[in-house]
Amino acid sequence: MTAGRNGFVGLGQMGNPMAANIAARGFELVAYDKAGTAPRAPAGAQVADSLVEVAVAADSIFLS
């Protein structure tokens with residue numbers, strides 16, 4: 001896990017809990033899901049509108 005901003009792509013059944021754990025521990029997180037990010041994004045995460053937005057904003061990206 002990096003101290004910079006982390007990206008997370010894929011907020012489904014597996015990705016959502018993983019992203020939520022990252023955000024809950026105070027890491028900066030920008031998230032995206034092709035099925036609709038806002039309702040799936042964990043509390044505290046920045047909602048991205050595209051993969052490109054995640055790539056530009058994050059230092060490290062997790063895929064699920």
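How many salt bridges does a search of the whole structure find? The search finds 2 salt bridges, a salt bridge being a side-chain nitrogen of Lys or Arg within 4 Å of a carboxyl oxygen of Asp or Glu.

## Basis

This is a predicted model, in which local features need pLDDT of at least 70 and side-chain atom pairs count only at pLDDT 80 or more, while totals for chains, interfaces and linings use all residues. Residues are numbered from 1 along each chain as its sequence is written, and side-chain values use heavy atoms, with hydrogens and water left out.

## Salt bridges

Arginine 5 and glutamate 28 pair through their side chains at 3.2 Å, N to O. The pair links distant parts of the chain, 23 residues apart: arginine 5 is in the segment before strand 1 (6–9), and glutamate 28 is in the loop between helix 1 (15–24) and strand 2 (29–32). Helices (H or I, at least four residues) and strands (E, at least two) are DSSP runs, numbered from the N terminus.

Arginine 40 and aspartate 33 form a salt bridge at 3.9 Å, N to O. Aspartate 33 counts as buried at 9% relative accessibility, and arginine 40 as partly exposed at 32%. Buried means under 20% relative accessible area, exposed over 50%, and partly exposed in between (1.4 Å probe, protein chains only).

An open sheet of 4 strands has the order 3-2-1-4, with parallel pairing; two strands pair if DSSP finds at least two bridges between them. Strand 3 (46–47) and strand 4 (60–63) are at the edges, each with a single partner strand, so one side of each has no neighbour in the sheet.

Strand 1 and strand 4 run parallel and are joined by 4 bridges. Valine 9 has leucine 63 in strand 4 as its bridge partner.
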